[in-house]
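Try each task before you read its solution.

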Amino acid sequence: MIQVEGLNVSFRTPGRAPLPVLSDVSFTLRPHRITGLVGESGSGKSVTALALMDLLPRNSAEVQIGVLRMGADEIDTATIGGRRGRELSMIFQEPMRSLNPAFTAGEQIVAVARRHLRLDRRAARAKAIEMLKLVGIPDPERNAGAYPHQLSGGMCQRVLIAIALVGRPRVLFADEPTTALDATTQAQVLSVLRELTERLGMTTMIATHDLGVVAELCDDVLVMYGGQIVERASVDELFRAPRHPYTKALLACSSVGQESLRGIPGSVPAPGHWPTGCRFAPRCSLASAGTCDIATVPLIDLPGDRSARCLRLDQTGETR
Ligand SMILES: Nc1ncnc2c1ncn2[C@@H]1O[C@H](COP(=O)(O)OP(=O)(O)OP(=O)(O)O)[C@@H](O)[C@H]1O
């Protein structure tokens, strides 16, 4: 289990007040499960993962994490950097660009194996082959010698998954890992993530704007809007009965289980332009002046271990 409480991130620009992009983000990721972090572009998905990996630029990002727990251990957030690769790992959305074009797939895994596992060259080479096999690369001995440009996008993403998993991390963050891939390759990469999460007993979080990916892959979902978590539920419950008006709108305009494609009117407010009260209120058909625009709305617990950040839950019913 990984538990995050009170994650706040602001970016500093010279001569301007710090711009908050994440406000009081709190969630729990269950072990051996995949949690989807879903929301429109700019909602704060990547920043959440990067902050928890301590990968945001130090000169401009101000990161505060109230509590970070892994299993029973409370983690000193100053030590996150040293845990990268071994306990926490991440894969990114552009597999071709994330690999170094000057080194073969095998060499890139060997380098990580030597650093994280302190293996000698021979053992690291064997580890690289083992990892390529683990992520389903055919003929791993031969493909270890391939440069990224000689591999397809799906193969490159598998190599990146292999690199991320060399240190056998407990937690894997995947940031839009299949966005750049075609539909068939996407399905294959998702099934690799599913299988390895179960087989290696990892806790996995996948940031995506694609509800199809969430439906296919995830056990639990966190819905993000304007730098906040606005709904938390199991996948089944979220698709069966979304409770936050934003989640309802997101499902209605996706192709998952819907005949028509509609857009949500308006756009995600940019950091610095968040309205007082509910951040979704300006786009919400249920919002009422004097209720939704007064003060920060808390995440409200609902029956069935789920919660939603909405003051009109009496109106959001049990059905889609
Ligand atoms: N290094 C940075 N400096 C300043 N602002 C940033 C920086 N990185 C991200 N932001 C801002 O933080 C907000 C959240 O961005 P983030 O990339 O987390 O969104 P996202 O939900 O992952 O979107 P996408 O799906 O497009 O990746 C955005 O408004 C973005 O412009």
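**Exercise 1. Check the span of helix α4 (residues 105-117) against its end C-alpha atoms.**

Helices are DSSP runs of H or I with at least four residues, numbered from the N terminus. The model is predicted: local features need pLDDT of at least 70, side-chain atom pairs count only at pLDDT 80 or more, and totals for chains, interfaces and linings use all residues. Residues are numbered from 1 along each chain as its sequence is written.

Step 1. The expected span is 1.5 Å times one less than the number of residues. Step 2. Step 3. Step 4.

**Exercise 2. Find what the buried residues of α4 pack against.**

Step 1. List the buried residues (20 or more other C-beta atoms within 10 Å of their own; 12 or fewer is exposed, in between is partly exposed). They are Ala105, Gly106, Gln108, Ile109, Val110, Val112 and Ala113. Step 2. Name their partners: α5 (121-134), α6 (140-143) and α7.

**Exercise 3. Classify threonine 316 as buried, exposed or partly exposed.**

Step 1. Locate threonine 316: the segment after β12 (306-308). Step 2. Count its C-beta neighbours inside 10 Å: there are 18, so threonine 316 is partly exposed. Step 3. List its contacts (C-beta atoms, placed from the backbone, within 7 Å). Leaving out residues up to four places away in sequence, threonine 316 touches Arg243, Pro245, Lys248 and Cys310. Step 4. Proline 242 is 74 residues away along the chain, yet the two C-alpha atoms are separated by 8.2 Å.

Definitions and conventions
Helix = DSSP H or I, 4+ residues; strand = E, 2+ residues; numbered from the N terminus. Contact = placed C-beta atoms within 7 Å.
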